[in-house]
Amino acid sequence: MKIIFNYLIFPGLFTAVCVGLLAGWFDRKISARLQWRVGPPWYQNFIDIVKLFGKETIIPRSSRWTFILAPYLGFLSIVLAAVILGKAMLSPLESFYGDIIVILYLLTMPAISMIIGASSSRNPLASVGASREMKLVLGYELPFVLSLIAVIIKCQGSIQLGSIINYQISFGSNIFSFSGILAFIAAFFAMQAKLGLAPFDISEAEQEIMAGTLIEYSGLLLAVYKLIKAVMLYAMPLLLICLFMGKDLGWVLLILKYIGIVLLIVLVKNTNPRMRIDQALRFFWGPVTIVAALSVILAAVGL
Amino acid sequence: MSIKTKALTKSIWVFHVSCGSCNNCDIEILDCFTPRHDIERFGVQLIGSVRHADAILITGAMNRKSVPRMKKIYEQAPKPCVVVAVGQCALSRHMFRYSYNVREPLDEILPVDLYIPGCPPKPEAIISGIVKLVEKLNKGK
């Protein structure tokens with residue numbers, strides 16, 4: 001019963017979707033203000049989802065089942081990641097051993113579901129988007145994993161979110177050490193790419209390949225993809241808070257940290273043009289990986 | 001009024017098709033999204049794929065090449081979807097009326113829900129058109 005409550009209501013589905021959609025509105029509003037516009041009202045993203053539920057869902061004459069099931073695969077796994085994360089932050093002692101590795105895998109699932117869905121839609125532009133998404137995953141996973149390793153080494157080799165938080169409660173946040181700040185920078189860029197926002201919105205590049213991976217999706221299935229984006233926007237900043245700023249996790253400070261990270265994402269999104277896929281790969285495998293590797297070395301030395 | 005129509009009128013995603021226009025109407029449509037007439041306030045968004053569209057904006061005189069493509073695009077859009085004709089060319093073929101190339105006006109090809117006249121229409125005219133469209137949808141189409 002408690003597990004179902006956790007999955008469906010509190011750290012899980014309902015909360016994740018609501019917070020994610022509000023963060024999505026925050027993104028749109030701040031972008032609008034930066035461009036000297038007014039921006040949509042706060043309930044705009046909720047209305048978009050409700051509207052998409054009421055629209056017709058068109059399924060192309062292709063591999064129907066993978067096309068229909070791919071969004072649900074991504075949605076269920078990202079919600080599970082959000083639940084594990086939320087539980088670990090609520091009660092650090094209850095988290096299970098090795099959950100950081102489970103979360104690492106679950107956070108890759110939305111990208112994989114997009115690749116599956118896009119390639120089963122048999123649309124040439126969608127397949128271009130899928131191939132770009134695949135390359136981007138290859139690009140950002142390496143620095144992301146390296147920065148996680150830096151955090152794990154820093155926290156005396158524990159691969160449990162709860163004990164990482166406990167370590168930070170007793171020894172101070174990771175971000176205030178040399179290795180911590182470098183790992184945070186690398187993980188931040190990886191997060192930007194995972195969320196699919198500019199400068200890494202290559203797979204959905206609207207001006208080049210229309211909607212990229214989402215081009216054939218409509219109605220309910222598109223709404224599920226929008227919800228995946230929303231839950232990602234909930235889970236990824238929380239993971240970063242958990243790994244790098246885990247010292248004070250009171251409600252007010254947690255919300256302030258969350259808003260701060262989302263604000264940083266939006267500012268980076270609005271001030272950078274979209275990269276080409278080769279530039280993005282070079283960026284991730286070059287500077288970002290070097291920074292992440294440096295942080296691993298510094299963490300091993302003990303800085 | 002059902003929640004479905006309410007949500008539809010509050011978030012209209014627009015797919016923009018130019019079938020042989022001189023590009024003026026298209027620029028005026030983009031003007032609606034600039035700071036002065038920010039219509040994202042009302043939830044209107046330009047989107048890239050016709051599968052996401054709630055409204056198809058058509059500009060330009062429909063020539064022989066673009067008519068079959070236009071029909072295909074309309075069939076691909078998920079219903080409910082409205083068709084909006086923007087500019088004099090889309091309304092009445094304007095100066096191309098007696099051209100060998102432009103045989104029929106738009107509303108003989110597709111069911112048009114809203115006409116926005118002008119050559120090109122001002123952004124204000126487009127916004128007032130959106131308001132009329134919302135009123136029409138609320139009354140029940």
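This is a predicted model: local features need pLDDT of at least 70, side-chain atom pairs count only at pLDDT 80 or more; totals for chains, interfaces and linings use all residues.
**Nonpolar cores**

The largest nonpolar core has 116 residues. The members that touch the most others are A:L136, A:L161, A:L243, A:F244, B:I56, B:I58 and B:M70. Helix α10 of chain A, residues 219-244, supplies the largest share of this core, with 21 residues. Another core, of 20 residues, lies apart from it, and includes B:I12, B:C32, B:V44 and B:I126. In soluble globular proteins, nonpolar side chains tend to be buried together.

B:I56 shows what such contacts look like in chain B. Leaving out residues up to four places away in sequence, B:I56 touches B:F15, B:V17, B:V50, B:M70, B:I73, B:Y74, B:A77, B:C81, B:V82, B:V83 and B:V84. One of these contacts, B:M70, is itself among the core members that touch the most others.

**Pockets**

Rolling a probe the size of a water molecule over the atoms shows where empty space is left.

Several elements give two or more residues to its lining: α2 (13-34), α3 (44-54), α9 (206-209), α10 and α11 (251-271) of chain A, together with β2 (45-46) of chain B. Of the elements, α2(A) gives the most to this lining, with 7 residues.

The elements that give two or more residues to its lining are α2, α4 (64-90), α10 and α11 of chain A.

**A helix with a buried face**

Helix α2 of chain B runs over residues 24-31, and B:C25, B:D26, B:E28 and B:I29 in it are buried. Seen down the axis of α2(B), these buried residues fall within an arc of 160°, so they line one face of the helix. Their cover includes the strands β1 (13-18), β3 (55-59) and β4 (82-86) and the helix α5 (123-139), which belong to chain B.

A:K154 is located in helix α6 of chain A, residues 124-154. Is A:K154 buried or exposed? Its relative accessibility is 18%, and buried means under 20%, so A:K154 counts as buried. Beyond residues up to four places away in sequence, A:K154 touches A:Y167, A:N174, A:S177, A:S179, A:A299 and A:L303.

A:K257 is buried, with a relative accessible area of 17%. With the residues up to four places away in sequence left out, the contacts of A:K257 are A:I241, A:M245, A:K247, A:D248 and A:L249.

**Backbone features**

Most residues other than glycine have a negative phi, and most peptide bonds are trans. The following residues depart from this.

Chain B has a cis peptide bond between B:K79 and B:P80, with omega at about 0°. B:P80 sits in the loop between α3 (66-76) and β4 of chain B. A cis peptide bond also joins B:C119 and B:P120, with omega at about -10°. B:P120 belongs to the loop between β5 (114-116) and α5 of chain B.

A:W36 is not a glycine, yet its phi is positive, about 65°. A:W36 occurs in the loop between α2 and α3 of chain A. At 70% relative accessibility, A:W36 counts as exposed. B:H94 also has a positive phi, near 50°, and is a residue other than glycine. Its loop lies between α4 (88-92) and β5 of chain B. With a relative accessible area of 33%, B:H94 is partly exposed.

Definitions and conventions
Residues are numbered from 1 along each chain as its sequence is written. Chains are lettered from A and ligands numbered from 1 in the order in which they are written. Side-chain values use heavy atoms; hydrogens and water are left out. A nonpolar core is a set of buried Ala, Val, Leu, Ile, Met, Phe, Trp, Tyr and Cys residues joined through side-chain atoms within 4.5 Å. Buried means under 20% relative accessible area, exposed over 50%, partly exposed in between (1.4 Å probe, protein chains only). Helices (H or I, at least four residues) and strands (E, at least two) are DSSP runs, numbered from the N terminus. Contact means heavy atoms within 4.5 Å. The arc is that of the directions from the helix axis to the C-beta atoms.
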